[in-house]
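Okay, thanks for coming, everyone. I'll take a few minutes on how two chains meet, so let me put it up on the screen.

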Amino acid sequence: MVDMLTARFLDRRTIDKAYPLVRTIVPDMTVARWTQFVRPHLVPRSPDWPRGVMTIQNAAGYILSLFAFEVRADLQESRVFYMDHIMIPNLPGRETLWACTIGAAERLAEMNGCRAIWAEFRGGAQRSDRDLLTSLERSGYAPAGARAFKRLEAKSGHTGDGSDGVTRVPRGSYDA
Amino acid sequence: MRSSTCRTDTGDAVSRFSLAAREGSHLPHLVSPCDTCQAREFSACAPLTAEEQKRLAAITRTINIAPHCSIFDEADPAEYVYTISAGTVKVYKLLGDGRRQITGFLFAGDFLGLIHNEAYAYSAEALVPTRLCRFPRRRLEALLVEIPHLEQRLLAMASHELAAAQDQMVLLGRKSARERVVSFILMLSNSATRHGRPGDPVFLAMSRSDIADYLGLTTETVSRTFTSLKKQGLIELLDEKRIRLSKMSVLREIAEGF
């Protein structure tokens, strides 16, 4: 099965292709917001501290899952692999897909000399999050540390609603 | 629209199989929809053994949908997964301003409703007379645990609404209307070949308006582009629904932006 699903880095040419998957997990996501968010992730901070977005694709090249990653310095563990924005849709066979996604992250972490992995997920479908935690626990992960979240009130000029200056050709009105 | 004229439920496969056997049919195996399914060979069902096929048939209902009739609507509870045995389906979302955005076309052998939350995130409508196999989601998922190679093939090979939406994003990345239309025609051709049908002539189950909506173009632009390609001898419009690809290599170059 593993060789029927392939891990591939997302690149600038495939940002748009990943969008339908992202919209499946975050229904109100726009193409503009996704593009604006993901582009900086595709450029490493430095050659020694890589970051990017990894996708899992099937034999036909369709993107079935993805996660963002970054290698960071950690006071206790030296180099640590962070994975977040884990997007795995609810589809039959998803446990295999989770295993493949987690496996890809672990291989990447090992290749980058990391001593530990942090996996963070939030914001997706609740059931999916629960299932993902179960899947991570099966692979040897355990809840660790604590993170707290507070949504701040939007200030003028920072609406966070996708009005980010990225323009797009409206559908149905394009002419050559 | 989901009136009785839209939908014919031909019942579950096993009871029809049993009925035929009880009535002493000399060809009871022909009653199973899997045996006569033209999409089976290239669908996720292909590797099933006779026993596994029987178990799948036990949870399957075959449904016939008339053209332009709804299969399910956005926000309906996502209780069922479908495979398309024959026909073409469009999936679309209704936008906040009332407009409709087609996000993909699905063909025989493809899955429908595979990816879900609690409700369908889009609507699905038959474009031509369409036959579907319908599986209750929970029972299908339970069966997949017992038939792991079906699950694997489904993940690795199956095409579904997410794949169709990704195809659309690739097409929308094409810059000009001409590149989009040609890429779309070639996509239909490739899809037909992949699904065991002739890739030339290309059969257009969808209207020009649907194509325009899907490609982010106006209907006039789509029609004008077809006419222009015809005048240049790159395609031949056999009738409203069929296109012959006269100069495949040139069409490929256009699709690639050369």
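Let's start with a question: which residues of α5(B) are buried? Keep in mind that this is a predicted model. The buried ones are Leu150(B), Glu151(B), Leu154(B), Leu155(B) and Ala156(B). And what do they pack against? On the chain A side, it's β3 (63-74) and α3 (94-111), and within chain B it's β7 (111-112) and α4.

Okay, zooming out to the whole interface. Chain B puts 38 residues into the contact, and chain A puts in 35. Together they bury about 3100 Å², with 59% of that on carbon and sulfur atoms.

Now the polar side of things. There are four residue pairs in polar contact between the two chains, counting pairs with both residues at pLDDT 80 or more. As for which parts of chain B do the touching, β6 (100-107), α4 (137-146), α5 (148-156), α6 (161-172), α7 (177-194) and α9 (219-231) each bring at least two residues. The largest share is from α6(B), with nine residues. Sort that side of chain B by class and you get 16 nonpolar, 13 polar and nine charged residues.

Conventions
Residues are numbered from 1 along each chain as its sequence is written. Chains are lettered from A and ligands numbered from 1 in the order in which they are written. This is a predicted model: local features need pLDDT of at least 70, side-chain atom pairs count only at pLDDT 80 or more; totals for chains, interfaces and linings use all residues. Side-chain values use heavy atoms; hydrogens and water are left out. Contact means heavy atoms within 4.5 Å. Buried area is the accessible area (1.4 Å probe) that two parts lose on being put together, summed over both. A polar contact is a pair of N or O atoms within 3.5 Å; within protein, one must be able to donate a hydrogen and the other to accept it, and residues adjacent in sequence count only if both atoms are side-chain atoms. Helices (H or I, at least four residues) and strands (E, at least two) are DSSP runs, numbered from the N terminus. Ala, Val, Leu, Ile, Met, Phe, Trp, Tyr, Cys and Pro count as nonpolar, Asp, Glu, Lys and Arg as charged, and the others, Gly among them, as polar. Buried means under 20% relative accessible area, exposed over 50%, partly exposed in between (1.4 Å probe, protein chains only).
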